[in-house]
Amino acid sequence: MNKYAYNDITFMQYTLFIHSSQVGIGILQLPRQIAASAGTAGWMSILIGWALSVAASLVLIQVMKKHPGDTIIDLLPRYFGVWIGRLFTLAFAIYFGILAYTVMSRASLFITSWILPQTADYVLMLLFCIPTYMVVRNGLRVQGRYSELVFFLSLWMPLFYLLPLKDAHWNYLLPLVKDGWSPIVQTTSLTVNSFLGFETALFLYPFLKNKETAVPGIVIANTLSMLVFLFVTLACFVYFSPEGILQFNEPTLNILKAIQLSFLERPEIVFLAFYLVIISTTWMPNVYWSIFCTSQLLGKQNHHRHLVIFLLLSIAITFFYKLSFDKNDQLQRIIGMVGVVIAFVLPVILWLYMAGHRLIRRRRTP
């Protein structure tokens, strides 16, 4: 019997879990980063990053199919022993914990920069922690429903980006390949980081009610994220000039300043305030997987105490540690490199090891 069956999730929840883990804080800066690396031709690197992410996702699902009732932290001790499994569990807990804090602190910096410049960072972190506790403490199924709710409530947001396009200059995209393919390929390392989040399937797979939908679910999630990245990036590219886009840290928000509504003075502020809800669907699952790992490591079924400790620790760190965009960027780069190893390298190594393990066992069988 699957020990995670009591907290199972549907196909849509599984898909939106992965999608929301990918579309977080990175999209606000992605167009500028791509333009700085490869110019307006860099949008093609999004397609390459999507293809690599889908390929890695398929390998990941093939690994998890061998033991459908286990998460990655249940699977590793089977092949590498208890102590190696515990070491990986601790590493996953740290990874998801730092990733969750990075997203939360980045959201705090955006709010401080755009909306509430006089508000202390730790106060915003405290405000973030309250809904996080209310949602995460109820388990994975409630988080899945929350992701569904946020997804459908946010379907209107892409329409905002259609309004500035009346002043778009599509010739900014020409020629398609300006300086050769080398800058585009190099920028793929940047766009691949934007697709990080599908590695949560290493934990989500045993919770999925219908395992046959794992492959289409993760492909759809990656494709949804690709469409969002591509749409927003192209919108910024055709509105700002190739040089002008480099002047803004968050062109995804700056483009909304072109919208003029008689009943709303600064639509980008309203957009960002609502976008915080979307970002919450990125950090909440990471918080859950961090405390899930620590609970499993200590043999505890109830993760409430771990959740409280994590949130209090996040507030305390923010109180004593001054947040800044530069420090957050450095943290993102570090956690991004670790995420690439977990999402792209680890599944391939496990797949090869499991294939070799089965081959050796067959040869030993008389």
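## Close-up views of a predicted model

View 1. What does Tyr14 touch, not counting residues up to four places away in sequence? Its partners are Ile9, Ile61, Ala201, Leu204, Leu208, Thr213, Ala214, Gly217 and Ile218.

**View 2. Helix H7 against helix H13.** Helix H7 covers residues 140-153. The axes of H7 and H13 come within 10 Å and cross at roughly 160°. Angles over 145 degrees count as roughly antiparallel, so H7 and H13 are roughly antiparallel to each other. Their crossing is left-handed. On the H7 side, the contact uses Leu140, Gln143, Tyr146, Ser147, Val150 and Leu153. These meet Phe274, Val277, Ile278, Ser280, Thr281, Met284, Pro285, Tyr288 and Trp289 in H13. Sorted by class, the residues of this contact are eleven nonpolar, four polar and no charged.

**View 3. Helix H2 and what covers it.** Helix H2 spans residues 30-38. Its buried residues are Leu30, Pro31, Arg32, Ile34, Ala35 and Ala38. After H2 comes Gly39, with a positive phi near 70°.

**View 4. Helix H2 crossing helix H11.** The axes of H2 and H11 lie 9 Å apart, and the two helices pack at an angle of about 65°. Angles of 65 to 115 degrees count as roughly perpendicular, so that is how H2 and H11 are described. The crossing is right-handed. H2 brings Leu30, Pro31, Ile34 and Ala35 to the contact, while H11 brings Phe229, Val232, Thr233, Cys236 and Phe237. The class count for this contact is eight nonpolar, one polar and no charged residues.

View 5. Phe240 sits in the loop between H11 and H12. Is Phe240 buried or exposed? Its relative accessibility is 8%, so Phe240 counts as buried. Leaving aside neighbours within four places in sequence, Phe240 is in contact with Tyr172, Ile245, Phe248, Pro251, Asn254 and Ile255. Val270 is 30 residues from Phe240 in sequence, and their C-alpha atoms are 22 Å apart in space.

**View 6. His303 in the loop between H13 and H14.** His303 has its place in the loop between H13 and helix H14 (304-320). Buried means under 20% relative accessible area, so His303, at 12% relative accessibility, counts as buried. Not counting residues up to four places away in sequence, His303 touches Val136, Arg137, Tyr288, Ile291 and Ser295.

**View 7. Ala343 in helix H15.** Ala343 belongs to helix H15 (residues 325-364). Its relative accessible area is 0%, so Ala343 is buried. Which residues are in contact with Ala343, leaving aside its neighbours within four places in sequence? They are Ala56, Leu196, Phe198 and Glu199. Ala107 is 236 residues away along the chain, and the C-alpha atoms of Ala343 and Ala107 are separated by 24 Å.

Key:
Residues are numbered from 1 along each chain as its sequence is written. This is a predicted model: local features need pLDDT of at least 70, side-chain atom pairs count only at pLDDT 80 or more; totals for chains, interfaces and linings use all residues. Side-chain values use heavy atoms; hydrogens and water are left out. Buried means under 20% relative accessible area, exposed over 50%, partly exposed in between (1.4 Å probe, protein chains only). Helices (H or I, at least four residues) and strands (E, at least two) are DSSP runs, numbered from the N terminus. Contact means heavy atoms within 4.5 Å. Axes are lines fitted to C-alpha atoms, for helices over the stretch in contact, and angles run from 0 to 180 degrees between N-to-C directions. Angles under 35 degrees count as roughly parallel, over 145 as roughly antiparallel, 65 to 115 as roughly perpendicular and the rest as oblique. A crossing is left-handed if the near helix is turned anticlockwise from the far one by less than a right angle, and right-handed if clockwise. Ala, Val, Leu, Ile, Met, Phe, Trp, Tyr, Cys and Pro count as nonpolar, Asp, Glu, Lys and Arg as charged, and the others, Gly among them, as polar.
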